[in-house]
Amino acid sequence: MSDTFKIALGQITVEKSSQENLSKCTAWMERASASGARLIVFPEGVIARNPADSAWSRKHAEPLDGPFVSGILEATRRLPIAVSCTVHVPSGSSDGRVWNIHIVADQGRLLGCYRKLHLYDAFSGLESDNVCPGSEVPPLVEIDGWKFGLMTCYDVRFPELARRLALDGADALLLPAAWVRGSLKESHWEIMGRARALENTVYVAALSEISAKNIGCSMVVDPLGVPVARAGAEEALVFAEMSRGAIERARRALPVLENMRFGRPELKAQ
């Protein structure tokens, strides 16, 4: 078990072509691996995106054994780095909607697959027009003794999911996103990413695509809610060293997971 873990945020612009995006992701994996990162996070919907067409990701969905994920798996076979991102996958639904699946790949295999629970039907967005909601809390994924909880974009607005993953034993939460621009949206992103870290004493790796539509502003937040690495408003590769000691110190000073009362049998409704 490693006391430290170097993570990279690959804040990229997702292109219209899956081949272009696969090439970009593998090139960034090589750069991150050369800098010593053990895991890189890429955006939500990384197979293909067109800001002018909200259905583009659905139209370009691929199965998990399709060329994009297969290419990512092959890259993790030859490079000592794991990948977190989300991909759109055909669901077999009669209405043509797809799954938005958060995958974690390492050493040529999928360690975890999480179907996004909370769809972005807010601020005039209607993700449910193109995507089916998941129905299961994702299992933790373990890499080098570190336990990671999986979330996706709009999930960050639902603190109960982050709390469940922390109680399950997560050391860090991985949050690929395509966080849409709008009034106060950058503030929402920062406030909630930092809050999910602080209220659960975990690291949060929050990665948004950067484009004309999405904000970027990716960050790694420590267990006391302090951003320790940031990206701005352009494509960027940034790194953070996560420390098990920082988690332990935060939990000694702020034992919220021990002090919580909700869900305990002694707490009863009147």
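**Labels and their grounds**

Author: Glu44 and Lys116 form a salt bridge, with their closest N and O atoms 2.9 Å apart. This is a predicted model: local features need pLDDT of at least 70, side-chain atom pairs count only at pLDDT 80 or more, and totals for chains, interfaces and linings use all residues. Residues are numbered from 1 along each chain as its sequence is written, and side-chain values use heavy atoms, with hydrogens and water left out.

Reader: Why is the pair of Glu44 and Lys116 called a salt bridge?

Author: A salt bridge is a side-chain nitrogen of Lys or Arg within 4 Å of a carboxyl oxygen of Asp or Glu. The closest N and O atoms of Glu44 and Lys116 are 2.9 Å apart, so the pair meets the limit of 4 Å.

Reader: What parts of the chain does the pair link?

Author: Distant ones. Glu44 is in the loop between strand 2 (39-41) and helix 2 (56-59). Lys116 is in the loop between strand 5 (109-115) and strand 6 (141-143). They are 72 residues apart. Helices (H or I, at least four residues) and strands (E, at least two) are DSSP runs, numbered from the N terminus.

Reader: Which other residue forms a salt bridge with Lys116?

Author: Glu127, with the closest N and O atoms 2.9 Å apart. Both residues lie in the loop between strand 5 and strand 6, so the pair ties together parts that are eleven residues apart in sequence. Glu127 and Lys116 are both buried. Elsewhere, shared partners join Glu15, Lys24 and Glu235 into one salt-bridge network. The whole structure has 16 salt bridges.

Reader: Why is Arg97 called partly exposed?

Author: Buried means under 20% relative accessible area, exposed over 50%, and partly exposed in between (1.4 Å probe, protein chains only). Arg97 has 21% relative accessibility, so it counts as partly exposed. Arg97 forms a salt bridge with Asp95, the closest N and O atoms being 3.0 Å apart. Asp95 is at 46%, so it is partly exposed too.

Reader: How do you know whether Met151 is buried or exposed?

Author: Its relative accessibility is 2%, so Met151 counts as buried. Met151 lies in the loop between strand 7 (146-150) and helix 4 (159-168).

Reader: What makes Asn214 buried?

Author: Asn214 has a relative accessible area of 1%, so it is buried. Its place is in the loop between strand 9 (203-208) and strand 10 (219-221). Beyond residues up to four places away in sequence, Asn214 touches Arg49 and Trp179, among others.

Reader: What makes a set of residues a nonpolar core?

Author: A nonpolar core is a set of buried Ala, Val, Leu, Ile, Met, Phe, Trp, Tyr and Cys residues joined through side-chain atoms within 4.5 Å. The largest here has 49 residues. Ile7, Phe148 and Leu174 have the most contacts inside it. A second, separate core of 32 residues includes Ala37, Ile47, Phe68 and Val69.

Reader: Why is Val228 called partly exposed?

Author: Val228 is at 44% relative accessibility, so it counts as partly exposed. Its place is in strand 11 (residues 227-230).

Conventions:
Contact = heavy atoms within 4.5 Å.
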